[in-house]
Amino acid sequence: MEEKVFAGAVSGRFDAEKHYGILLDCVKQIKERTEFLPEIAVVLGSGLGHFVESMEIAAEIPYKDIDGFPVSTVAGHQGKLVFGEIGGKKIVAMQGRVHYYEGYDVHEVVIPIRVLKLLGAGTAVFTNAVGAINTDYRPGDFVVLSDHISSFMPSPLVGENVSQLGERFTPVTDLYDKELRELALSIGQEKDIRVHSGVFLQVTGPQYETPAEIRMFRLLGADTVGMSTAIEATAARHMGMRVCAINCVTNMAAGINNSVPSHEEVTATANKAGKDFSILLKELITRMS
Ligand code: HPA
């Protein structure tokens, strides 16, 4: 049987020591390519990769050049680390990410954010495309997360704890930083960009939801639904990072206003929202302490 490439699973069990070794090896390979040390990690979701055009770019490393780093297979996800400055802040942007639905296991999905933390980033900003369950939202709106529901996903912290990264039983009560959330909301008001505060729910995908699932998610208190972010945010919190997440509403969720979500709609709306998204994110990064 072929050995698992990324997670270091042995006999089906997660091997924390091996996983940590992979992380350190990725960090070493990155440091061989650039001396740039980021303070902030930004994960760019589907169709939101143009944000890097607002950066003063110092270095770029394709994921495929980093042995052990998972490579995204989704069309529209470019798959590279972009290092540079924006508003005087040193950031590393992930142009594209891997998803659980691509067949990566949950430990592999969080390798990138773990590597970026080990590289020195203390703050993580996750972004993704989502469907809106809340009927006050419209495609093109943004939602800064007040909280999430990840109960439909496996936890990235299952298996032996990677004790070099964080503790076994991590509280996630205040996962999303309140100050950053309020800052994003105030930038929205100032720049006339629709930014809400809401609860996000992550599903595995890759199929979009059934209308019955969306009715259930609404009853559970979710405002938006998407296929990434919550498990990466959980891993970031495990490592003590300051976390912010911004959803880009690309469509109404299945069955809401008779919506039938499609990948074409998701990428087309994300592209259209790209300009507002870049303004919001640039201001957020520039103004954060
Ligand atoms: N559901 C799940 N993921 C998504 C959606 C959706 O409606 N839109 C964009 N990503």
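Which side chain does a polar contact of 3.3 Å join to that of serine 228? The partner is threonine 229. The views below come from a predicted model.

View 1. Serine 228 sits in the loop between β10 (224-226) and α6 (230-238). Is this residue buried or exposed? Serine 228 is buried, because its relative accessibility is 4%, and buried means under 20%. Its side chain makes a polar contact of 3.2 Å with the side chain of arginine 97. A polar contact of 3.3 Å joins it to the side chain of threonine 229. Setting aside neighbours within four places in sequence, serine 228 is in contact with Arg97, His99, Asn128, Phe200 and Gln202.

**View 2. The nonpolar cores.** In soluble globular proteins, nonpolar side chains tend to be buried together. Here the largest nonpolar core has 62 residues. Which of them touch the most other members? They are Leu81, Phe83, Ile113 and Phe126. Helix α1 (residues 16-33) gives the most to this core, with 7 residues.

View 3. Phe152, Met216 and Leu220 make a nonpolar surface patch. The patch covers about 260 Å². Leucine 220 belongs to helix α5 (residues 211-220). Its relative accessible area is 45%, so leucine 220 counts as partly exposed.

View 4. The structure holds 10 salt bridges. One of them pairs aspartate 141 with arginine 194. Their closest N and O atoms are 2.8 Å apart. Where in the chain do the two partners lie? Aspartate 141 is in the loop between β7 (123-132) and β8 (142-149). Arginine 194 is in the loop between α4 (178-191) and β9 (195-202). The pair links distant parts of the chain, 53 residues apart. Aspartate 141 is buried, because its relative accessible area is 3%. Arginine 194 has a relative accessible area of 33%, so this residue is partly exposed.

View 5. The side chains of glutamate 182 and lysine 178 meet in a salt bridge of 3.5 Å, N to O. How far apart are these residues in helix α4? They are 4 residues apart, so about one helical turn separates them. Glutamate 182 is partly exposed, because its relative accessibility is 42%. Lysine 178 has a relative accessible area of 52%, so this residue counts as exposed. The cut-off for exposed is over 50%.

View 6. Glutamate 283 forms a salt bridge with arginine 287. The closest N and O atoms of the pair are 3.0 Å apart. Both residues lie in helix α7 (residues 263-287). They are 4 residues apart, about one turn of the helix. Arginine 287 is partly exposed, because its relative accessibility is 32%. Which residues do salt bridges with shared partners join into one network? The network consists of Arg33, Lys64 and Asp65.

Notes. Residues are numbered from 1 along each chain as its sequence is written. This is a predicted model: local features need pLDDT of at least 70, side-chain atom pairs count only at pLDDT 80 or more; totals for chains, interfaces and linings use all residues. Side-chain values use heavy atoms; hydrogens and water are left out. Patches are made of residues with over 30% relative accessible area and no salt bridge: like charges are joined within 9 Å, nonpolar side chains (Val, Leu, Ile, Met, Phe, Trp, Tyr) within 5 Å. Accessible areas come from the Shrake-Rupley method with a 1.4 Å probe; for residues, only the protein chains shown count as cover. A salt bridge is a side-chain nitrogen of Lys or Arg within 4 Å of a carboxyl oxygen of Asp or Glu. Helices (H or I, at least four residues) and strands (E, at least two) are DSSP runs, numbered from the N terminus. Buried means under 20% relative accessible area, exposed over 50%, partly exposed in between (1.4 Å probe, protein chains only). A polar contact is a pair of N or O atoms within 3.5 Å; within protein, one must be able to donate a hydrogen and the other to accept it, and residues adjacent in sequence count only if both atoms are side-chain atoms. Contact means heavy atoms within 4.5 Å. A nonpolar core is a set of buried Ala, Val, Leu, Ile, Met, Phe, Trp, Tyr and Cys residues joined through side-chain atoms within 4.5 Å.
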